[in-house]
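Please keep the sequence and the structure in view while reading.

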Amino acid sequence: MARTLRVIEDISFSGIGIHSGEPCEVLLRPGDSSGIFFDLPGGFFPVEAADCDGSSRGTRLVFPDGSEILTVEHLLGALAGLEVWSAVISVKGPEIPAMDGSARIFAESIAKAAGPGFEIEPISIIRGIALGDPSRGGFISVIPSDAFEITCAIRYEAKGIGCQVFEGVVTPETFRDDIAPARTFVLASEIEGILKSGLGRGGAFDNVLVVKDDTPPAPGDLRLPDEPVRHKVLDIIGDLATLGAPLRGRVVAYRAGHDLHLELVRRIRRSLVPA
Ligand SMILES: [Zn+2]
């Protein structure tokens with residue numbers, strides 16, 4: 001068992017949803033057991049009861065009552081990254097607000113409103129799982145480890161991003177300092193296509209890091225070195241939080257995305273069911 005933290009007082013966030021462009025509000029309340037729960041019109045569901053869809057530049061949860069919530073990954077990442085595994089979440093609007101495009105604002109408020117929580121059984125990886133997405137040469141895997149560790153690499157043809165790698169053990173301290181501040185990023189050349197597909201309607205310079213295709217960002221434009229790959233690490237932590245419990249394993253990802261992260265979640269779940 002692992003000792004975790006819990007939300008001990010109400011916390012709310014409001015702002016624009018990055019994809020819907022609509023005003024959204026999310027409220028976190030204390031729960032009376034371990035688990036991340038969603039209080040929805042049709043019931044009260046643990047996060048692991050949701051179907052997770054990562055096919056359109058974000059993670060969408062679909063619950064058994066038909067409720068859908070878009071772009072949950074940075075909020076769930078903040079909870080998991082800070083080891084807060086007891087909270088009740090309710091949402092007004094279609095989406096979790098984008099805030100500044102990172103998990104920093106979520107993490108700062110949650111850290112202030114968290115206290116000693118419940119014991120929870122972590123999900124321990126017993127044997128390696130690996131899967132790939134041949135269409136873009138992406139790959140994600142997890143192997144046994146006593147800690148929650150992530151190695152993530154990205155490679156973009158665009159010189160503005162290029163090749164980046166991040167490796168580290170995820171603890172509340174490393175999450176707060178090295179991962180939470182990393183913002184959502186987009187290549188300037190991708191913006192038109194994203195808007196045409198009906199996404200990114202709430203995107204703005206204060207919630208997305210726009211990277212020019214042919215020029216690396218100036219150091220002053222970034223909050224952290226290699227900010228894009230660190231944001232990918234945040235997305236991995238948030239997507240793995242849909243397991244509903246802390247992970248003990250080492251994740252290795254290369255050119256992965258929400259769809260691959262969530263397929264890994266499904267494969268981990270299946271591996272836990274006794275054959
Ligand atoms: Zn993200």
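## Terms and basis of the model

Two strands are said to pair if DSSP finds at least two bridges between them. Helices (H or I, at least four residues) and strands (E, at least two) are DSSP runs, numbered from the N terminus. In general, the strands of a sheet pair through backbone hydrogen bonds, either parallel or antiparallel.

The model is predicted: local features need pLDDT of at least 70, side-chain atom pairs count only at pLDDT 80 or more, and totals for chains, interfaces and linings use all residues. Residues are numbered from 1 along each chain as its sequence is written.

## Strand 14 and its partners

Strand 14 (residues 148-155) pairs with strand 15 (residues 163-169) in the antiparallel sense, through seven bridges. Within this pairing, A153 stands opposite V165 of strand 15. Strand 14 also pairs with strand 18 (residues 247-254), here in the parallel sense and over six bridges. In that case I150 is placed opposite V251 of strand 18.

The two faces of strand 14 can be told apart: F148, I150, C152 and I154 make up the covered face, whereas E149, T151, A153 and R155 make up the uncovered one.

An open sheet contains five strands in the order 2-3-9-4-5, and its pairing is mixed. Its edge strands are strand 2 (11-16) and strand 5 (43-46), each of which pairs on one side only. Neighbouring strands of this sheet are turned against each other by 20° on average, direction ignored. For such angles, axes are lines fitted to C-alpha atoms, for helices over the stretch in contact, and angles run from 0 to 180 degrees between N-to-C directions.

Strand 2 and strand 3 (residues 23-29) are antiparallel and are joined by six bridges. Strand 4 (residues 35-40) and strand 9 (residues 86-92), by contrast, run parallel and are joined by four bridges. There, F38 has I89 of strand 9 as its bridge partner.

## Helix 1 and its two neighbours

How do the axes of helix 1 and helix 5 (residues 227-240) cross? They come within 7 Å and cross at roughly 80°. Helix 1 is therefore roughly perpendicular to helix 5; angles under 35 degrees count as roughly parallel, over 145 as roughly antiparallel, 65 to 115 as roughly perpendicular and the rest as oblique. In helix 1, E73, H74, L76, G77, A80 and G81 meet L234, D235, I237, G238, D239 and L240 of helix 5. Two residues are in contact if their C-beta atoms, placed from the backbone, lie within 7 Å. The residues of this contact divide into five nonpolar, four polar and three charged. Here Ala, Val, Leu, Ile, Met, Phe, Trp, Tyr, Cys and Pro count as nonpolar, Asp, Glu, Lys and Arg as charged, and the others, Gly among them, as polar.

The axes of helix 1 and helix 2 (residues 104-112) come within 9 Å and cross at roughly 40°, so helix 1 is oblique to helix 2. H74, L75, A78, L79 and G81 of helix 1 make this contact with F106, A107 and I110 of helix 2. Its residues comprise six nonpolar, two polar and no charged.

Most residues other than glycine have a negative phi. R57, however, has a positive phi near 55°, and it lies in the loop between strand 6 (51-53) and strand 7 (60-62). T71 likewise has a positive phi of about 55° although it is not a glycine; its loop runs between strand 8 (68-69) and helix 1 (73-81).

Is each of these residues buried or exposed? A residue is buried if 20 or more other C-beta atoms lie within 10 Å of its own, exposed if 12 or fewer, and partly exposed in between, with C-beta atoms placed from the backbone. R57 counts as partly exposed because it has 17 C-beta neighbours inside 10 Å. T71 is buried because 24 other C-beta atoms lie within 10 Å.

G200 is located in the loop between helix 4 (191-196) and strand 17 (209-211). G200 counts as buried because it has 23 C-beta neighbours inside 10 Å. Not counting residues up to four places away in sequence, G200 touches I18, H19, I194 and L195.
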